[in-house]
Amino acid sequence: MTSRHITVGVDGSVISVRALDRAAEEAVRHGVALRVLYAVPDRDEAAPVLRSAASRTRRRHPGLPVETVAVEGGAVHALARESESADLTVVGRRGSGPLTGTAFGSVATRLAALVRGPLLVVRGDRPCDLGRDVLLGLADDTDAEAAAYAFQEAERRGATLRVVRSRSPRRGTLHGPPLEPAHSTGRTGQERPAREGERGGDGKGVGGRAVPRYPLTRLGEGHPDVVVDTRTDRSDPADILLEATREAAVAVIGVRRRTSVFGPRLGPVAHLLLQRSHCPLVLVPHP
């Protein structure tokens with residue numbers, strides 16, 4: 001498939017069917033085609049699963065172009081290759097519980113460390129996200145790619161973009177304090193995007209620390225219809241974002257991958273959200 005498309009990995013499981021349905025919805029929202037991929041040891045084994053996936057999708061979205069492809073080998077590397085040309089790659093993952101990290105769930109974790117474009121990890125515990133906000137977690141000014149994707153996602157959905165910025169470098173735990181509103185709000189109910197060099201009342205920035213530079217002002221000008229709610233908290237970044245995912249339609253974060261003797265690895269915040277997020281998660285790798 002050479003046209004713009006979204007790729008989804010399937011394996012016949014209930015979790016992958018949820019990923020398929022979400023990927024089809026995203027393809028319609030993006031205005032692109034859907035590519036359904038099944039990685040198997042023998043391509044002949046893939047036909048029933050792919051036929052079922054294509055039939056389900058065409059029945060639910062009659063006008064959506066759908067292509068199916070069987071690939072020999074492992075799902076992680078097949079989807080990583082696909083991510084280089086896809087607008088978005090989609091996989092499913094089990095929620096927290098005894099099955100977390102097994103079967104298709106492990107594909108999501110390993111793929112997140114290798115993917116070359118935005119990766120949507122679909123959680124199985126959210127039946128509907130209508131009316132919910134898009135959540136953007138910002139660590140520093142290198143998250144420009146994630147910020148751009150989040151603005152586009154909020155615009156596509158007609159949703160508010162809720163930006164959460166943390167001032168703490170500490171590693172994540174699972175129980176954090178509630179979010180604190182940022183120190184300034186904008187007109188017409190929209191909090192103004194953070195400005196470069198913005199400072200708090202003490203002259204040192206929010207919480208007495210210099211506020212990093214973010215591309216929010218420029219992105220806001222390019223998406224004038226997107227309402228932006230920016231909040232800053234000095235607590236643990238993983239705690240803040242994990243709690244915020246309870247009320248979000250989708251969360252977007254930038255991914256910094258670390259190299260070790262075992263290969264690329266995710267940072268602690270991304271790893272925790274993959275394990276415990278209450279909503280679907282989009283991971284946008286740094287270029």
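Predicted model: local features only at pLDDT ≥ 70, side-chain atom pairs only at ≥ 80, totals over all residues.
Residues are numbered from 1 along each chain as its sequence is written, and side-chain values use heavy atoms, with hydrogens and water left out.

Helices (H or I, at least four residues) and strands (E, at least two) are DSSP runs numbered from the N terminus. Leu50, Ala53, Ala54 and Thr57 of H2 are buried, where buried means under 20% relative accessible area, exposed over 50% and partly exposed in between (1.4 Å probe, protein chains only). Viewed down the axis of H2, these buried residues fall within an arc of 95° and so line one face of the helix, the arc being that of the directions from the helix axis to the C-beta atoms. They pack against helix H1 (14-30), strand S2 (33-40) and strand S3 (66-72), while the face of H2 turned away from the buried side carries the exposed residues Arg51 and Arg59.

A nonpolar core is taken as a set of buried Ala, Val, Leu, Ile, Met, Phe, Trp, Tyr and Cys residues joined through side-chain atoms within 4.5 Å. In the largest such core, which has 44 residues, Leu34, Val36, Val90, Leu136, Leu161 and Val252 touch the most other members. Helix H5 (residues 144-157) gives the most to this core, with 6 residues. A second, separate core of 34 residues includes Val71, Val76, Leu274 and Leu281.

H1 and H5 pack at an angle of about 85° with their axes 10 Å apart, axes being lines fitted to C-alpha atoms, for helices over the stretch in contact, and angles running from 0 to 180 degrees between N-to-C directions. H1 is therefore roughly perpendicular to H5, a class that covers 65 to 115 degrees. Arg22, Glu26, Arg29 and His30 of H1 and Tyr149, Glu153, Arg156 and Arg157 of H5 make the contact, defined by heavy atoms within 4.5 Å.

Pro118 lies in the loop between helix H4 (103-112) and strand S5 (119-123), and counts as buried at 16% relative accessibility. Leaving aside neighbours within four places in sequence, the contacts of Pro118 include Asp87, Tyr149 and Val282.

Terms used
Parallel < 35°, antiparallel > 145°, perpendicular 65-115°, else oblique.
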